Amino acid sequence: MPGLAGIVIHGGASESWIGDKKRYDDTTAFLQTVVSSAESALGHGALAIDLAAEVVAKLEDYPAFNAGRGSAVNIDGNFELEAGIVCGATSGYRAAVCLQATKNPIKLVRAMLDDTGPSASVFIAGAGGDDLAKRLALDIVPNCYFATESRTSYWQRKRAEISEHGTVGAVVRDSHGNVAAANSTGGMMFKPVGRVGDTAVLGSGLYADKRVAIAWYEDDLALIRCGLPSPFLGRFSGGACFN
């Protein structure tokens, strides 16, 4: 019902900051700040779709997460990012994958959502997505911007292995009763060039309708093949976020 607002966020299930107490404490404090700011915005009437994108952009900028700066390194030592967003009230959905220069992929897909013309892009990939971000005057960065010392050193030590992966996301319910979900990730460490996971795929990594919003991460191939099961969706109303 209108009036009940809230937000849930996640920052990955298997990230390297878990186990490092100082980094864990710093990250937890950061997440608490993000949630407090979002709750304040909801109290002032912020819309779910706008706030979901804003929150995920903050997570993309925080280098402890596998999204934006701090993303996983692919097999060639480069970064390819993906993000998706869905508005429950309108069923509007946009996604972008294999981005190499767009600083905040979630800002790109949020901007894409505003374009409803006949030639609007719903799902865009690679250089086409980065070019669109430039045309929309979004921040463009060199690919090395996404690197962090911990990610790079890990890649150099274990480039023959496939290891940790994760994503960030948010679901929001605003005071109007509308829900939205947003996800962003750098994918798996050592992933093949051009590989696309479940994060940005509607019905696999995220979902929203007029009563339910879900941001999800699990095994990429299983979710892309099967999607989120209907009985699972039926368990929730008003918004949920899982990792």
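The protein chain exposes about 10,600 Å², of which carbon and sulfur atoms supply 56%; such areas come from the Shrake-Rupley method with a 1.4 Å probe, and for residues only the protein chains shown count as cover. This is a predicted model, in which local features need pLDDT of at least 70 and side-chain atom pairs count only at pLDDT 80 or more, while totals for chains, interfaces and linings use all residues. Residues are numbered from 1 along each chain as its sequence is written, and side-chain values use heavy atoms, with hydrogens and water left out.

**Exercise 1. Describe the protein chain as a whole.**

Step 1: Begin with the secondary structure. The protein chain has seven helices and eight strands. Helices (H or I, at least four residues) and strands (E, at least two) are DSSP runs, numbered from the N terminus.

Step 2: Turn to burial. Of the 243 residues in the protein chain, 53% are buried. Buried means under 20% relative accessible area, exposed means over 50%, and partly exposed lies in between (1.4 Å probe, protein chains only).

Step 3: Finish with contacts, meaning heavy atoms within 4.5 Å. Taking the contacts between residues at least 6 apart in sequence, 72% join residues at least 24 apart.

**Exercise 2. Find T167 and decide: is T167 buried or exposed?**

Step 1: Check the record. An unreviewed UniProt entry lists T167 under "active site". UniProt positions are given in the numbering used here, feature names are shortened, and annotations may be inferred rather than shown by experiment.

Step 2: Locate the residue. T167 sits in the loop between helix 5 (149–157) and strand 5 (168–173).

Step 3: Apply the cut-off. T167 has 1% relative accessibility, so it counts as buried.

**Exercise 3. Look at helix 5, and work out why its buried residues line one face.**

Step 1: Pick out the buried residues of helix 5: R151, Y154 and W155.

Step 2: Look down the axis of helix 5. The buried residues fall within an arc of 100°, so they line one face of the helix. The arc is that of the directions from the helix axis to the C-beta atoms.

Step 3: Now try the other side of helix 5, where E149, Q156 and R157 are exposed.

**Exercise 4. Which strands pair with strand 5, and how many of its residues are buried?**

Step 1: Recall the rule: two strands pair if DSSP finds at least two bridges between them.

Step 2: Take strand 1 (residues 6–10). It runs antiparallel to strand 5, and five bridges join the two. Here H10 stands opposite G169 of strand 5.

Step 3: Take strand 6 (residues 179–185). It pairs with strand 5 in the antiparallel sense over six bridges. The bridge partner of G169 in strand 6 is N183.

Step 4: Follow the hairpin of strand 5 and strand 6. Five residues lie between the strands, and G177 takes a positive phi near 90°.

Step 5: Check burial. Six of the six residues in strand 5 are buried. V168, A170 and V172 are on one side, G169, V171 and R173 are on the other, and both faces are covered.

**Exercise 5. How many salt bridges does the whole structure hold? Examine three of them.**

Step 1: Start with the idea. Side chains of opposite charge can pair when their charged atoms come close. A salt bridge is a side-chain nitrogen of Lys or Arg within 4 Å of a carboxyl oxygen of Asp or Glu. A search of the whole structure finds six.

Step 2: Look at K22 and D26, whose side chains meet at 2.8 Å, N to O. Both lie in helix 1 (residues 21–43), four residues apart, about one turn of the helix. K22 is exposed because its relative accessibility is 59%, and D26, at 36%, is partly exposed.

Step 3: Move to D61 and K103, which form a salt bridge of 3.1 Å, N to O. This pair links distant parts of the chain, 42 residues apart: D61 is in helix 2 (residues 48–61), and K103 is in the loop between strand 3 (93–99) and helix 3 (105–113). D61 has a relative accessible area of 33%, so it is partly exposed; K103, at 17%, is buried.

Step 4: End with R110 and D114, which meet at 2.9 Å, N to O. Salt bridges that share partners join D50, R110 and D114 into one network. R110 lies in helix 3 and is buried because its relative accessible area is 17%, whereas D114, at 57%, is exposed. Leaving aside neighbours within four places in sequence, R110 is in contact with I49, D50, A53 and I85.
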